[in-house]
Amino acid sequence: MSVASPPLSRGVLLRVFLRSLFLQASWNPQGMQNLGLAYALYPALERLYPEKQDLETAVRRHLVFFNTHPYVAAAIVGGVLYHEQRIARGEEPPDKVVAFKAALMGPLAALGDGFFWLSLKPATGAVCAALVPVLAAWAAVLFLFLYNLVHLTLRARLYLLGLTLGDRLVEAVARANLPTRGARLRAVAAACAGGLAAWLAVTFGANAGGRFAPLLSAGCLALGVLSYFLVSRRVPNYVVLYLAAGLACAAGAFL
């Protein structure tokens with residue numbers, strides 16, 4: 001293996017990052033995201049391993065099973081480049097990068113699911129839904145802008161952390177405290193959803209003559225308080241959903 005491989009230019013690093021956006025484009029049941037990972041890494045591997053045999057070996061070690069959250073995967077992609085550069089220089093064995101991926105893809109998948117799917121997306125959606133009375137259809141455009149602003153910013157930040165820190169990126173991600181930030185986002189989502197429900201109750205009540213607007217608003221507020229109490233007592237979520245469905249049926253009967 002050649003130890004005099006050229007350093008990775010900014011252009012190559014940018015190409016790898018942009019290709020990582022298509023990580024799931026070739027998702028498959030056997031290797032899941034492995035083809036997408038190999039596709040993203042190829043411009044860098046091609047530069048690090050000028051010899052064809054070395055390049056084939058490097059690509060093959062990234063065709064094993066790989067699956068994690070597609071956004072947080074940027075940290076692993078950056079970390080893989082960190083290790084591949086060291087491998088190309090003969091500073092560490094190839095097994096190091098394989099162990100790096102295997103150790104991080106599970107924990108980072110759980111972290112990404114909790115923050116992006118269960119916190120950021122509902123919070124952004126609830127905020128934009130609450131702005132529908134003001135922005136109308138433009139609220140959908142605002143959702144796409146806000147969500148992708150956070151998503152792409154964090155994705156780029158994680159990529160750079162992996163690229164510069166390698167194994168130490170775990171400490172940097174821990175300091176970001178995404179679970180706590182996710183809990184705050186879920187609180188924002190709940191507040192916005194409650195405000196929107198109250199506004200809908202008042203608006204529909206007014207259209208029906210205004211007689212039931214106070215009752216519907218009070219019902220939404222009471223349901224929110226009761227739901228919080230039930231969830232804090234570890235009551236199953238389906239009970240809360242039944243209560244919400246019951247209030248919706250009552251509102252429909254009155255309106």
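Predicted model: local features only at pLDDT ≥ 70, side-chain atom pairs only at ≥ 80, totals over all residues.
**Overall make-up**

The protein contains 11 helices and 0 strands. Its pattern along the sequence accordingly reads α-α-α-α-α-α-α-α-α-α-α. There are 255 residues in the protein, and 38% of them count as buried.

**Two helix pairs**

Two packed helices are described by the angle between their axes and the distance between those axes. The table gives these values for two pairs.

| Pair | Residues | Angle | Axis distance |
|---|---|---|---|
| H1 and H2 | 10–20 and 34–48 | roughly 160° | within 7 Å |
| H4 and H5 | 73–88 and 95–130 | about 170° | 10 Å |

The axes of H1 and H2 cross at roughly 160°, and H1 is therefore roughly antiparallel to H2, given that angles over 145 degrees fall in that class. The crossing of H1 past H2 is left-handed. On the H1 side, the contact is made by Val12, Arg15, Val16, Arg19 and Ser20, while H2 contributes Tyr39, Ala40, Leu41, Tyr42, Pro43, Ala44 and Arg47. Sorted by class, this contact of H1 with H2 comprises 8 nonpolar, 1 polar and 3 charged residues.

Helices H4 and H5 pack at an angle of about 170°, so H4 is likewise roughly antiparallel to H5. In H4, the residues that meet H5 are Ala75, Ile76, Gly79, Val80, His83, Glu84 and Ile87; their counterparts in H5 are Lys96, Val97, Phe100, Lys101, Leu104, Met105 and Leu108. The contact of H4 with H5 is made up of 9 nonpolar, 2 polar and 3 charged residues.

**Two residues with positive phi**

Most residues other than glycine have a negative phi. Methionine 32 is not a glycine, yet its phi is positive, at about 55°. This methionine 32 lies in the loop between H1 and H2, the two helices whose axes come within 7 Å.

Alanine 136, also not a glycine, has a positive phi of about 60°. The loop that holds alanine 136 runs between helix H6 (132–135) and helix H7 (138–165). With a relative accessible area of 46%, alanine 136 is classed as partly exposed, because that class covers values between the buried limit of 20% and the exposed limit of 50%.

Terms used: Residues numbered from 1 in each chain as written. Heavy atoms only, no water. Axes fitted to C-alpha atoms, helices over the stretch in contact; angles between N-to-C directions. Helix = DSSP H or I, 4+ residues; strand = E, 2+ residues; numbered from the N terminus. Parallel < 35°, antiparallel > 145°, perpendicular 65-115°, else oblique. Contact = heavy atoms within 4.5 Å. Nonpolar A, V, L, I, M, F, W, Y, C, P; charged D, E, K, R; others polar. Buried < 20%, exposed > 50% of the residue type's maximum accessible area, 1.4 Å probe, protein only. Left-handed = near helix turned anticlockwise from the far one by under 90°.
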